[in-house]
Amino acid sequence: MAWASFLQCVVLLLLCVHAAMASSDVPLYKNPEAAVEARVKDLLSRMTLEEKIGQMMQIERSVANASTIQTNFIGSILSGGGSVPKEQASPTDWMDMVDGFQKAALSTRLCIPLMYGIDAVHGHNNVYGATIFPHNVGLGCTRDPDLVRRIGEATALEVRGTGIQYVFAPCIAVCRNPSWGRCYESYSEDPNLVRNMTEIIVGLQGKTTKPGSPFLAGQYNVAATAKHFVGDGGTNHGADERNTLSSYKSLVNIHMVGYFDAIAKGVSTIMVSYSSWNGQKMHSNRFLISHVLKKQLGFKGFVISDWQGIDKITIPAGINYTSSVELGVNAGIDMIMIPFDYPSFHADMLALVKSGHISMRRINDAVGRILRVKFTIGLFEHPLADRSLAKMVGAQDHRDLAREAVRKSLVLLKNERNGNAPFVPLSKRATKILVAGSHADDIGRQCGGWTTTWQGQSGGITPGTSVLEAIKSTIDTSTELVYEQLPDSNFAKGKGFDYAIVVVGEDPYAEFFGDDADLTLPNMGTQTIKNVCTLVKCVVVLVSGRPLVVEPYLPLMNGLVAAWLPGTEGKGIADVLFGDYPFEGKSSRTWFRRASQLPMNVNDQQYDPLFPYGFGLTTAAVVGDAASSRSSTLLFFFTLVLCFI
Ligand code: GLC
């Protein structure tokens with residue numbers, strides 16, 4: 001089967017080349033030696049209006065097929081969250097699907113290849129078996145741009161390992177209110193920390209040769225997307241897709257500065273936010289998209305809408321679609337993530353251009369940008385999957401990298417003394433320990449949203465190591481480990497546990513499903529803390545996309561660790577819990593006492609956090625204290641002995 005399709009595409013490519021060679025000369029746009037801008041100009045001059053409008057359309061894979069692609073000259077296809085070729089699809093299944101669409105695109109008159117886009121926001125998270133890295137809120141706690149660059153590189157290889165060339169990542173939102181359901185997709189409340197984390201773009205795309213120009217990708221890199229432009233993390237009360245009320249100056253200084261770095265690093269595409277700025281929908285904001293982003297900041301890649309972002313220009317969505325298409329395209333949006341109703345979009349675009357409501361100048365700007373990215377990433381020369389990369393999906397060295405990221409992202413918030421030593425690191429050679437909690441043995445919960453499905457889900461959703469499995473593989477064989485997911489108030493009584501590890505937190509969510517004004521720890525979590533920590537010395541490991549209300553339960557805990565949403569590599573948690581590595585994470589967010597304090601961010605005048613932005617205990621320091629107290633005790637006794645000699 002693979003050979004047949006390989007031969008088919010070789011024949012197809014030869015036909016394309018032959019068709020080109022058959023004419024007196026090879027069209028300039030097919031010449032990889034020609035300058036990109038010359039290739040863009042040449043191809044634009046050959047395209048019909050239908051072909052140009054087709055390039056601006058991105059449709060969902062579930063409605064895509066060869067005839068749709070050929071008839072509408074479709075320029076791009078996407079997988080929405082959780083949209084897969086089949087359950088637990090293999091890398092080869094993915095490559096067969098993407099190449100199938102690509103062959104249809106290559107069979108059109110001008111053989112323009114399509115881009116396939118997907119949300120790889122913490123690894124190649126739609127794909128079963130892929131390495132799932134910590135979500136951005138945890139990566140922000142590492143403050144390690146080199147680490148996120150390496151994560152970008154690994155993610156690009158896993159994405160290419162499924163034949164895909166384009167990712168809707170990174171999200172460079174600056175989340176200013178953790179009530180926002182997407183706060184875990186944001187590296188931090190601090191724009192400067194978010195700016196540093198844009199280094200992931202260099203990992204995903206490769207190093208651009210000229211600041212500001214889209215990257216020169218090889219087949220081991222992918223086109224990246226900085227999203228969501230602009231102010232997505234600044235909405236009132238953190239309400240997803242709603243309104244950011246701010247001066248232009250604070251919009252720029254808080255929410256836009258990350259785009260300066262993303263553009264300088266050559267990001268290929270920028271996705272527009274669903275939200276509004278001072279009451280105007282971003283998807284219709286010509287000033288910010290065309291004047292600021294494209295003209296002032298000199299962005300040379302293409303601007304893509306969000307999923308049905310054009311429809312959502314109106315409330316309710318889609319009520320005046322034709323006018324929304326005109327508003328969105330004239331605002332400067334180049335590619336429209338439709339994703340289903342492409343016939344309406346196509347018909348409206350034809351009519352709007354023919355009536356002059358959308359100019360050919362605007363169409364040529366949009367299509368020119370799309371072609372520039374396609375030429376720059378080498379898509380015309382390498383349109384089909386490199387099947388040798390299938391083994392990259394879930395590769396062990398990527399999992400090791402994810403484990404390193406987990407270690408560096410964990411934040412130690414509390415660490416009482418236990419005798420003359422700190423409570424954490426825990427002993428590997430205790431006699432008997434208890435592991436409890438809803439999140440202790442649940443890969444889905446430790447990965448969070450955007451994992452194999454859009455919203456994520458609990459359970460063994462993809463290969464990985466749970467916290468419980470990691471603990472089991474770390475402690476001494478002589479230690480008795482008892483696991484109880486939801487212990488009642490009697491369970492821990494009189495059992496002689498040396499200590500307990502309680503792993504609790506939030507259930508997976510994505511986007512507006514995660515909007516939450518109360519931010520309390522789900523009740524089975526608080527109940528488990530009470531049932532265990534009132535009877536046994538305990539360290540609580542909190543698995544959540546954001547800070548939660550923990551102050552009322554803090555006195556019950558001997559230790560508290562913020563693990564955020566660590567992903568598949570739970571061993572990174574055991575590594576620091578048991579002292580094989582030091583805790584070094586510093587919180588990327590202000591940890592509030594009560595939700596009524598929000599929004600509350602670093603440098604605010606009114607600032608009374610439980611744990612401030614940048615807080616994080618280090619076991620090295622704590623162990624050092626313990627060591628120094630041990631050495632001062634020894635010194636005292638040594639001096640005492642000398643007195644009696
Ligand atoms: C979603 C998100 C966006 C994502 C897109 C495609 O609604 O807002 O971040 O890239 O749709 O899945």
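1. A charge is said to sit over a ring if NZ of Lys or CZ of Arg is within 6 Å of the ring centre and within 35 degrees of the ring normal. By that rule Lys227 lies over the face of Trp450, at 5.8 Å from the ring centre, and the charged end of Arg39 sits over the ring of Phe380, 5.9 Å from its centre.

2. On the basis of the work: this is a predicted model, in which local features need pLDDT of at least 70 and side-chain atom pairs count only at pLDDT 80 or more, while totals for chains, interfaces and linings use all residues. Residues are numbered from 1 along each chain as its sequence is written, and side-chain values use heavy atoms, with hydrogens and water left out.

3. A search of the whole structure finds 16 aromatic pairs (rings of Phe, Tyr and Trp, the last by its six-membered ring, with centres within 6.5 Å; planes under 30 degrees apart are stacked, over 60 edge-to-face, the rest tilted). Tyr29 and Phe380 form an edge-to-face pair, with 6.3 Å from centre to centre and 80° between the planes. This pair links distant parts of the chain, 351 residues apart: Tyr29 is in the loop between helix 1 (2-22) and helix 2 (36-46), and Phe380 in the loop between helix 14 (360-376) and helix 15 (396-409) (helices are DSSP runs of H or I, at least four residues, numbered from the N terminus).

4. Are the two partners buried or exposed? Tyr29 counts as buried because its relative accessibility is 2%, and Phe380 counts as buried because its value is 15% (buried means under 20% relative accessible area, exposed over 50%, partly exposed in between, with a 1.4 Å probe and protein chains only).

5. Elsewhere, Trp564, Trp591, Phe611 and Phe615 form one aromatic cluster.

6. The structure holds 4 cavities of 30 Å³ or more (a cavity is a set of points on a 1 Å grid over the protein atoms alone where a 1.4 Å probe fits but cannot get out, and lining residues have an atom within 4 Å of a point; points are joined across faces, edges and corners, and a volume is the space filled by probe spheres set on them). The largest cavity has a volume of about 100 Å³. Of its 16 lining residues, the closest to the centre are Ala120, Val121, His122, Asn136 and Ile200.

7. By class, the lining of the largest cavity has 12 nonpolar, 4 polar and no charged residues, whereas that of the second largest cavity, with a volume of about 80 Å³, has 7 nonpolar, 2 polar and 2 charged residues (Ala, Val, Leu, Ile, Met, Phe, Trp, Tyr, Cys and Pro count as nonpolar, Asp, Glu, Lys and Arg as charged, and the others, Gly among them, as polar).

Definitions and conventions. 1 Å grid on protein atoms, 1.4 Å probe; cavity = no way out; pocket = protein on both sides within 12 Å on 5 of 7 lines; lining within 4 Å. Helix = DSSP H or I, 4+ residues; strand = E, 2+ residues; numbered from the N terminus.
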